[in-house]
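The sequence and the structure come first, and the description follows.

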Amino acid sequence: ATTAPITTRAVNVIFRMRAFYRRPKTEDRRLKIASTVAAVEQPYGTWPSPISAAMVAAQGVRLSSVALAGDDVYWIEGRPQESGRNVLVRHAAAGTTRDVTPAGFNTRSRVHEYGGGSYLVDGDHVYLVNFSDQRVYALDLEGQAAPAPLTPAGAFCYGDFALDRRNRQLVCIREDHTQPGREAVTTLVGVPLDLPIPDTVETAR
């Protein structure tokens with residue numbers, strides 16, 4: 001099954017997982033602060049705070065791009081403790097939760113600048129964008145192989161995927177940034193799902 005819009009079940013799973021991730025860290029922080037802070041009088045608004053901006057940000061795990069594929073729930077998890085890396089996470093019907101993307105892989109698209117849809121799940125495969133090079137990759141959910149690139153290297157960004165089974169391709173938005181100093185050219189293209197990687201990605205048929 002391909003990814004589907006968010007449902008009530010998906011929302012409930014996400015909120016349970018968010019509480020699971022955040023609770024231990026929050027309790028540890030409270031204990032650490034309570035053990036190091038002594039009462040000192042200061043003029044209003046001038047006292048130093050033991051709660052730093054970094055400490056607050058470290059608690060702010062961001063959840064986004066929730067989707068269903070069969071009975072599994074997927075979402076993107078932004079982790080401040082990993083320099084803001086966006087990790088694709090899978091909650092299976094059996095109750096297990098695990099990271100789909102390997103360490104160092106940052107699932108994020110720069111399409112539209114603020115970021116377009118960065119992944120699509122189809123059965124045992126997921127197609128996703130790596131932030132560092134903006135290339136599209138294929139990942140076997142049941143295997144252990146590293147993500148395989150589907151698009152050539154270059155000054156392009158991809159996002160907002162739809163599966164075209166008939167033509168064995170991903171239909172998506174591509175931004176062409178090959179002309180420095182000029183507005184990017186936006187095109188609807190088809191990314192072939194069969195290797196080898198093409199030299200160029202053609203306009204969607």
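## A buried arginine and its partners

Arg 79 is buried, at a relative accessible area of 7%; buried stands for under 20% relative accessible area, exposed for over 50% and partly exposed for the range in between, with a 1.4 Å probe and protein chains only. The model is a predicted one, in which local features need pLDDT of at least 70 and side-chain atom pairs count only at pLDDT 80 or more, while totals for chains, interfaces and linings use all residues. Residues are numbered from 1 along each chain as its sequence is written, and side-chain values use heavy atoms, with hydrogens and water left out.

Arg 79 forms a salt bridge with Glu 82, at 3.3 Å from N to O. The term salt bridge denotes a side-chain nitrogen of Lys or Arg within 4 Å of a carboxyl oxygen of Asp or Glu. Glu 82 is partly exposed, with a relative accessible area of 30%. Through shared partners, salt bridges join Glu 77, Arg 79, Glu 82, Arg 85 and Asp 99 into one network.

## The chain as a whole

The chain holds two helices and eleven strands. Both kinds of element are DSSP runs numbered from the N terminus, with at least four residues (H or I) for a helix and at least two (E) for a strand. In order from the N terminus, the elements read α-α-β-β-β-β-β-β-β-β-β-β-β.

Of the 205 residues, 37% count as buried. The accessible surface is about 12000 Å², and carbon and sulfur atoms supply 54% of that surface; the areas come from the Shrake-Rupley method with a 1.4 Å probe, and for residues only the protein chains shown count as cover. Among contacts (heavy atoms within 4.5 Å) between residues at least 6 apart in sequence, 39% join residues at least 24 apart.

## Salt bridges across the sequence

The chain has nine salt bridges in total. Three of them are listed here.

| Pair | Distance, N to O |
|---|---|
| Arg 79 and Glu 82 | 3.3 Å |
| Asp 122 and Arg 165 | 2.7 Å |
| Arg 168 and Asp 194 | 3.0 Å |

The side chains of Asp 122 and Arg 165 meet in a salt bridge. Asp 122 belongs to strand E5 (residues 119-122) and Arg 165 to the loop between E9 and E10, so this pair ties together parts that are 43 residues apart in sequence. Asp 122 is buried at 14% relative accessible area, whereas Arg 165 is exposed at 52%.

A salt bridge also joins Arg 168 and Asp 194. This pair links distant parts of the chain, 26 residues apart, with Arg 168 in the loop between E9 and E10 and Asp 194 in the segment after E11. Arg 168 is partly exposed, with a relative accessible area of 41%, and Asp 194 is partly exposed at 44%.

## A sheet of three strands

Strands E9, E10 and E11 make up an open sheet in the order E9-E10-E11, with antiparallel pairing; two strands pair if DSSP finds at least two bridges between them. E9 and strand E11 (185-192) are the edge strands, each pairing on one side only. Strand E10 (residues 169-176) pairs with E11 over eight bridges, and Leu 170 stands opposite Val 191 in E11.

## Two residues with positive phi

Ser 83 is not a glycine, yet its phi is positive, at about 60°. Ser 83 sits in the loop between strand E2 (72-79) and strand E3 (85-91) and is exposed, at 77% relative accessibility. Asp 160, not a glycine either, has a positive phi of about 60°. Asp 160 is placed in strand E9 (residues 156-164) and is partly exposed, with a relative accessible area of 34%.
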